[in-house]
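Me: Please take a close look at one part of this structure and describe it in a connected way, with the criteria behind each term.

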Amino acid sequence: MGKPTGFLEFQRIENKGVPVRERVLNFKEFHTPLSRDERREQAARCMDCGVPLCQSAMKLNGMVTGCPLHNLIPEWNDQIYNDNLEHAFSRLAKTNNFPEFTGRVCPALCEKACINGEYGEPVTIRDNELFTVETAYEDGSIKPRVPKVRSGRKVAVIGSGPSGLAAADELNHRGHFVTVFERDDRIGGLLMYGIPNMKLEKDVIARRQKLMEAEGVVFRTGVNVGTDVSAAELLKEYDAVVLCCGAKKARPLPGADPEKIKGIYYAVDFLASTTKSLLSSGGRTVQELEKAGGYINAHGKNVVVVGGGDTGNDCIATVIRHGCKSVTALEMMPEPPAERTTSNPWPEWPRVRKVDYGHEEAQTLFGHDPRVYETTVKEYHTDKKGCLKEIVTVKVCFDKDRKMSEVPGSAKTIPCDLLLIAAGFLGCEEKTPEMFGVRLSGRNTVLTKDPEEYQTNVPKVFTAGDMHRGQSLVVWAITEGRKAARAVDEYLMGYTNLREV
């Protein structure tokens, strides 16, 4: 513990955000890091608790609090305070393959369990994590670590999202030959085409890819397993296959058929179109995006986003940068309280109303929070060309059995030229599991004997990430990838010395 009185002396200071009216003119990350000395003060707030709940990943009242990767948070906070940043990174890298991702997009389950948050503000754990890894890149501490000995075993990883990348990284460092197959033109999965540049600029992913390639991982992009290469071929050529294809089967909205009504899109398709246009043109500003074209454009449109969560918020921020006329976000659930209630005490995950960057931008530009709670869409009205022009919304309520019903007399017609469905996912797409002959659960996830096991009913085939546990967070995907890698390694070698998660 670097400074025993640090939590008393220093107040929480987060990385500062670029003012809203400035940042909405481009698609760049918009948080300005603190100075090195300021970051040391933030790390000094860590109390080095006797029982550090920040790294516990405990399930309390149905939700997890604390880091699923069990990051050694007090240890690297101590090293940051003592300005021993190389050692701070060495402790961080022991448990987290990609802190440059989680340091940007993770909702910081660790901070929700920080004991400083019981009566005050928690430690800036996520910002400290990002500072540590970015400093390691800048000062050259992160170098390719090529395995000195190879096992001769070959592993195919299908899907290059965070779980696939984590599995590949672990197995490669163990000495196996790893090839990652990705059907998109770039690696990353939802990191690349589901999370917008404002939260995760894509050169961050390219930097990690370059490092992994230098360490021996082979990436084959633009390869659709089942079309370009068969499951039988992979099972014949490789000693093990890890399915990490994500949970990409979007949850539909009743009556909202993108194939029949022009102006309705699934959120990930919408977000991906903007990212692909920016990448193809090399642009970063709104003007460069408009010049490049080729994306689903919200400019001048009345936009409705159906569904809350991170994806809904990302849609709000993206349509604002497009120059939408208005944006409304519909959420079926009641509005959460602004602060913890007595029934939701620390260190449980706080069930409170979150104001994210997209909500903040809408509030600033349009003068009100875009979210409308306990509301859903009842009807869709189109013009003569079949283009969406307005929707009818209704208020809803839930009984004690959580059965939803419409509130009589609550119908309201609002203009809507563009409707984005951000209602989550219904598990994985069935094609790949069917090709490999693996079983699916009732939740449309790849079935294993136990949730903490990763081998499927097919001996050589393993699974990890959202495809295994269902739609979840990047930090859980990395955790799953690491656990699956241990299972694969033990299958191939008869034992494993990979770090247990």
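Which residues of α8 are buried, and what covers them?

Reply: This is a predicted model, in which local features need pLDDT of at least 70 and side-chain atom pairs count only at pLDDT 80 or more, while totals for chains, interfaces and linings use all residues. Residues are numbered from 1 along each chain as its sequence is written, and side-chain values use heavy atoms, with hydrogens and water left out.

Helices (DSSP runs of H or I, at least four residues) and strands (runs of E, at least two) are numbered from the N terminus. Helix α8 covers residues 125-138, and its 14 residues should span 20 Å at 1.5 Å a residue, which agrees with the 20 Å between its end C-alpha atoms; the expected span is 1.5 Å times one less than the number of residues. Buried means under 20% relative accessible area, exposed over 50% and partly exposed in between, with a 1.4 Å probe and protein chains only. Twelve of the 14 residues of α8 are buried, so the helix is largely enclosed by the rest of the structure. The buried residues are Ile125, Asp127, Asn128, Glu129, Leu130, Phe131, Thr132, Val133, Glu134, Thr135, Ala136 and Tyr137. Their cover includes α3 (36-44), α4 (73-81), α5, α6 (99-105), α7 (109-112) and α11 (202-214), where contact means heavy atoms within 4.5 Å. Just after α8, Gly140 takes a positive phi of about 85°.

Phe89 counts as buried, at 13% relative accessibility, and, leaving aside its neighbours within four places in sequence, is in contact with Pro99, Thr132, Val133, Ala136 and Ile142. Among these partners, Thr132, Val133 and Ala136 are also listed among the buried residues of α8.

As for the sheet, five strands form an open sheet in the order β7-β6-β5-β8-β18, with parallel pairing, two strands being paired if DSSP finds at least two bridges between them. The edges are β7 (218-221) and β18 (461-463), each with a single partner strand, so one side of each is left without a neighbour in the sheet. Four bridges join β5 (residues 154-158) to β8 (residues 240-243), and Ala156 stands opposite Val241 in β8. Helix α9 (residues 162-174) lies across β5, β6 (177-182) and β7, running at about 165° to β6; axes are lines fitted to C-alpha atoms, for helices over the stretch in contact, and angles run from 0 to 180 degrees between N-to-C directions.
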